[in-house]
Amino acid sequence: MNIEQLRKFCLALPGATEDIKWGNDLCFNVGGKMFTVTSADSSDGGVSLKTTPEKFTELTEHEGIRPAHYVARYHWITIEDPNAVSQSELKQLIRESYQLVFDKLPAKTRKSIA
């Protein structure tokens, strides 16, 4: 999935927005909270996203997927190798990340997005 495909997919999720943080990281957010992060130049540097504790353990055992720097304790992973997951698996992981973040938002914020 190239950067434009990733942007299009993430921004199609309800209430999703994007911004640049830390100089060159393209962050996709819902309710002001990040659910997916990649390089603003291209997705070649990897895609980071939140997952469940169970999936975190399972996914980080795969070649090309590692715990994300600084946020692994919150069950974030970085998919460094684009071949580590299929495009449909990546989309599913992004949807799950979005949902995990969305579900933790305050009720008022969730209601305004839904």
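Guide: Gladly; here is what lies behind each label.

Guide: This is a predicted model, where local features need pLDDT of at least 70, side-chain atom pairs count only at pLDDT 80 or more, and totals for chains, interfaces and linings use all residues. Residues are numbered from 1 along each chain as its sequence is written, and side-chain values use heavy atoms, with hydrogens and water left out.

Visitor: What makes Cys27 buried?

Guide: Buried means under 20% relative accessible area, exposed over 50%, and partly exposed in between (1.4 Å probe, protein chains only). Cys27 has 0%, so the word buried applies. Cys10 also counts as buried, because its relative accessibility is 0%. Across the protein chain, buried residues make up 38% of the 114 residues.

Visitor: How do you know that the chain agrees with a compact globule?

Guide: The radius of gyration is taken over C-alpha atoms, and the globule rule is 2.2 Å times the number of residues to the power 0.38. For 114 residues a compact globule would have a radius near 13 Å, and the protein chain has 13 Å, so the two agree. Its C-alpha atoms fill a box of roughly 40 × 30 × 25 Å along the principal axes.
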